[in-house]
Number of protein chains: 2
Amino acid sequence: MPASWFTLRWEGGALHLLDQRRLPLVETEVACRTARQVVEAIQEMVVRGAPAIGVSAAYGVALSALAHAPLSGSGEDLARRMSDDVRALRLARPTAVNLAWAVDRCERTLAAEAASPASLAAAALVREAVAIHDEDVAACRAIGRHGAGIVPQRATILTHCNAGGLATAGYGTALGVVRGAVEAGREVNVIADETRPFLQGARLTAWELQKDGIPVTLIADVAAASLLRRGDVDLVVVGADRIAANGDTANKIGTYPLALAAREHGVPFYVAAPLSTVDMTLANGSMIPIEERGADEILQLFGTRVAPEGVGVRNPAFDVTPAAMIAGIVTEVGILRPPLEVSLRDAFRGVASRS
Amino acid sequence: MPASWFTLRWEGGALHLLDQRRLPLVETEVACRTARQVVEAIQEMVVRGAPAIGVSAAYGVALSALAHAPLSGSGEDLARRMSDDVRALRLARPTAVNLAWAVDRCERTLAAEAASPASLAAAALVREAVAIHDEDVAACRAIGRHGAGIVPQRATILTHCNAGGLATAGYGTALGVVRGAVEAGREVNVIADETRPFLQGARLTAWELQKDGIPVTLIADVAAASLLRRGDVDLVVVGADRIAANGDTANKIGTYPLALAAREHGVPFYVAAPLSTVDMTLANGSMIPIEERGADEILQLFGTRVAPEGVGVRNPAFDVTPAAMIAGIVTEVGILRPPLEVSLRDAFRGVASRS
């Protein structure tokens, strides 16, 4: 994890978040001291990226526990008092499954402490959040190690949105593959889609790669197909917000048309994500809820209105790329290859058998 | 042509252009009194859109003629004095062929007046520019009449960039089809791609459709594939900057990935353009020069820097959609159907036989 910047850190009983809305112009942090502040930070995209909001939500549960423990008797009593906070954290955003996954884990910890004094239950929840945080870093580093294997010695990698250190606890999934490849001695150039409407590619991916000294070229999203056609891209690697049991992958809006163009031009298209992003309860991608965000993301840019008053807007924040278009999913347990339905099932069996 | 706004008009010996860089926030005009001012206006995109820059260039030639005629003897002498201006107009932007087409027409007029007094030659050039202007309006209206035939009674039409009244002398090509359909009694909704990086969809298409009372919904370019997949779009209609003899079509960057998504979901993809946009001297789209525009279009939005200093940028302004992905080209002489190589050749034979 780079020393010069952080996505989130737990310090002094508060969750400190790098305010991603203000990057790259201003590097400032937001301190969340209550669960509700974490909910708000997730909704307003102070922190974003499926793994990062999972880790943040876990700290949000811990903050709720610390706030309610002094008034609670047992862990069971604490759980009752925390239930509104926990629900708000779980529902803060709908598409990324890591949020529900992290909250579920915290709830299991809480349930296991039902008979303990509330203060011990709260301490267990802080430990659980720290564990989820540490595991995220470890998973991303493992994704990087496995991912290096798909990167040629000299490679141009195209990515969409920010599946980087800023989308995780600091190393990244898609950009974890990039970092893993660089650490393995590959010569890597990254082409970053700017990623309208929120410009995560321009504001975040370009920023963090530049911080780490990795060459990055920025393009409008609509230019990706032309570069793929010209043979300027060796592989596409993106992150994921939720992967269904058959491998269909929800990710930032624009991922699906990128996959179409990659397939058209024979460029391999990879997804990089920890297994916590996989939702084995959904048979396929049509069941993944797609968040629709506000019209102002389209109508305004940095406070300047770009379209006339009164026009309609549609602003789906994610799309679903069919499993058949994915060359592999780079996870912390290795690269899952098609048929993804089978390799995902096997990966979860393997995790279950180890734990 | 709508009464409430204009793209360009010739008045008082000057070319008046609606300043499209400032729409939709400010409606103001730029008056060009010299050919060099027209060159600058085209390069800085005060006026843009293949047909509109063709008409503007013709007026630019007329302005050059009016400036040089008092010092010239014959038309031939005038032509010599105008040659720098004419070259600059022809080269103002590289991709749209209408520019060269219009300048060529003016040069033929000038050549025919070689033996005339310079003042008469200049008058002929003003008449030629007005004729090109009038023909553009007539061609767009004819495109609208023919295009109405491809629009169902209730239709949602998706378009990219602005191939509207603002891209022509006032009625539009792709939006000419929309206007033609509305005039024919169809119930039309338009979905407009915002069209990064210059945001012609948000700033121009949404503005002019709203001026004309046609319902418009704005989306990020990257959302188009999702809407096509959901079945929310009946047909895609775009303009063109240059069409090769085989039907390959250069248009605003982002047109090609839109065509890929339309094909994937069985939604017909049409191009609307006057025959002046066809370059029969190029066998196919690989020969069309693609303009690369400046990095600041990507790095800045309304003066706010959106990416960190020092990142690379690639900013191709156009892409090429293969003829095979095009259901038809709506022209002023009718809808040309595949095989486009044949129907384009026949259309030009027809034009030649009528003229």
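1. Two strands count as paired if DSSP finds at least two bridges between them. Strands (E, at least two residues) and helices (H or I, at least four) are DSSP runs, numbered from the N terminus. On that basis, β8 (residues 242–244) and β9 (residues 249–252) of chain A pair in the antiparallel sense over 2 bridges. A:I243 has A:T249 in β9(A) as its bridge partner.

2. This is a predicted model: local features need pLDDT of at least 70, side-chain atom pairs count only at pLDDT 80 or more, and totals for chains, interfaces and linings use all residues. Residues are numbered from 1 along each chain as its sequence is written.

3. β8(A) and β9(A) form a hairpin with 4 residues between them. A:G247 in the turn has a positive phi of about 100°. β9(A) also pairs with β15 (residues 318–321) of chain A, antiparallel over 4 bridges. There, A:N251 is bridged to A:D319.

4. Pockets come from a 1 Å grid over the protein atoms alone: a pocket is an open set of points where a 1.4 Å probe fits, with protein on both sides within 12 Å along at least five of seven lines, and lining residues have an atom within 4 Å of a point. The largest pocket holds about 530 Å³. Its lining has 25 residues; A:W101, A:L275, A:S276, A:E332 and A:F348 lie nearest the centre. α5(A) gives the most to this lining, with 6 residues.

5. The second largest pocket has a volume of about 430 Å³. It is lined by 19 residues, with B:R21, B:F198, B:Q300, B:L301 and B:F302 nearest its centre. α10 (296–299) and β12 (300–301) of chain B each give two or more lining residues.

Note on methods. Chains lettered and ligands numbered in written order. Heavy atoms only, no water. Points joined across faces, edges and corners; volume = space filled by probe spheres on them.
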